[in-house]
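The report below walks through a protein structure, moving from loop residues to strands, core and aromatic rings. Please keep the sequence and the coordinates at hand while reading.

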Amino acid sequence: MAYGLYLIIDQPKWFRGDYSATNKLTGTLYSDQKFTREANLTNYTVTIRLTKNYRWGDYFNKTASIVSATGGTFEYAVGENEMPPPGIYNVKIELSKSGARESTLNRQELMIIEGPTA
């Protein structure tokens with residue numbers, strides 16, 4: 001893959017208490033800044049990471065499933081108590097395979113909202 005990986009996440013907001021095997025966090029990776037060429041995810045592992053500005057560390061670090069390798073799409077079924085505390089997080093995707101690791105270059109935000117609780 002040529003250098004340059006760009007993300008569009010499908011959900012800009014997520015309720016912290018929401019989790020489901022069918023309602024998934026989803027997105028598409030592109031190999032160009034104009035979002036016209038989907039990245040090919042064949043043989044890659046896709047990791048979703050949530051970080052905060054000016055703070056070290058991940059608040060969420062999960063391996064996603066590839067929906068369409070040639071279409072650049074992925075999904076992750078959020079489990080109970082997996083989302084971090086309410087706030088705005090930067091979403092970064094890492095692709096990795098033997099001998100290679102690449103991260104998204106653009107900034108996408110995900111707002112975590114306090115949601116349903118038991």
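Asn 81 is placed in the loop between β6 and β7 (87-97), where strands (E, at least two residues) and helices (H or I, at least four) are DSSP runs numbered from the N terminus. The model is a predicted one, in which local features need pLDDT of at least 70 and side-chain atom pairs count only at pLDDT 80 or more, while totals for chains, interfaces and linings use all residues. Residues are numbered from 1 along each chain as its sequence is written, and side-chain values use heavy atoms, with hydrogens and water left out.

**Loop residues with positive phi**

Although Asn 81 is not a glycine, its phi is positive, at about 60°. Asn 81 counts as exposed at 71% relative accessibility, on a scale where buried means under 20% relative accessible area, exposed over 50%, and partly exposed in between (1.4 Å probe, protein chains only). Another asparagine, Asn 43, sits in the loop between β3 (25-30) and β4 (45-51); its phi is near 70°, a positive value in a residue other than glycine, and with 64% relative accessibility Asn 43 counts as exposed.

Strands are taken as paired if DSSP finds at least two bridges between them. By that criterion β3 runs antiparallel to β1, to which four bridges join it, and it also runs antiparallel to β6, again with four bridges. Strand β6 is in turn joined to β5 by three bridges, and these two strands run antiparallel. They form a hairpin with four residues between them, and Gly 72 in the turn has a positive phi of about 70°. Some of the bridge partners are listed here.

| Residue | Bridge partner | Strand of the partner |
|---|---|---|
| Ile 9 | Gly 27 | β3 |
| Thr 26 | Glu 75 | β6 |
| Thr 28 | Thr 73 | β6 |
| Ser 65 | Glu 75 | β6 |

The side chain of Gln 108 reaches the backbone nitrogen of Ile 9 at 3.0 Å. This is a polar contact, meaning a pair of N or O atoms within 3.5 Å, where within protein one must be able to donate a hydrogen and the other to accept it, and residues adjacent in sequence count only if both atoms are side-chain atoms. Leaving out residues up to four places away in sequence, Gln 108 touches Leu 7, Ile 8, Ile 9, Tyr 89, Asn 90 and Val 91, with contact meaning heavy atoms within 4.5 Å.

**The nonpolar core**

In soluble globular proteins, nonpolar side chains tend to be buried together. A nonpolar core is here a set of buried Ala, Val, Leu, Ile, Met, Phe, Trp, Tyr and Cys residues joined through side-chain atoms within 4.5 Å. The largest such core has 24 residues, of which Leu 29, Ile 48, Met 83 and Ile 93 touch the most other members. Two or more residues are given to this core by each of β1 (6-9), β3, β4, β5, β6, β7 and β9 (108-113), and the largest share, four residues, comes from β7. Apart from its neighbours within four places in sequence, Ile 93 has contacts that include Leu 7, Leu 29, Val 46, Ile 48 and Phe 74.

**Aromatic rings**

Rings of Phe, Tyr and Trp (its six-membered ring) pair if their centres lie within 6.5 Å, and planes under 30 degrees apart count as stacked, over 60 as edge-to-face and the rest as tilted. The count by this rule is four aromatic pairs. In one of them, Tyr 30 and Phe 35 have ring centres 5.5 Å apart and planes at 90°, so the pair is edge-to-face. Tyr 30 is buried at 13% relative accessibility, whereas Phe 35 is partly exposed at 31%. Phe 60 and Tyr 76 are likewise edge-to-face, because their ring centres are 5.7 Å apart and their planes at 90°. Phe 60 lies in strand β5 (residues 60-68) and Tyr 76 in strand β6 (residues 73-76), so this pair ties together parts that are 16 residues apart in sequence. Phe 60 is buried at 3% relative accessibility, and Tyr 76 is buried at 12%. Ring pairs also link Tyr 6, Tyr 30 and Phe 35 into a cluster.
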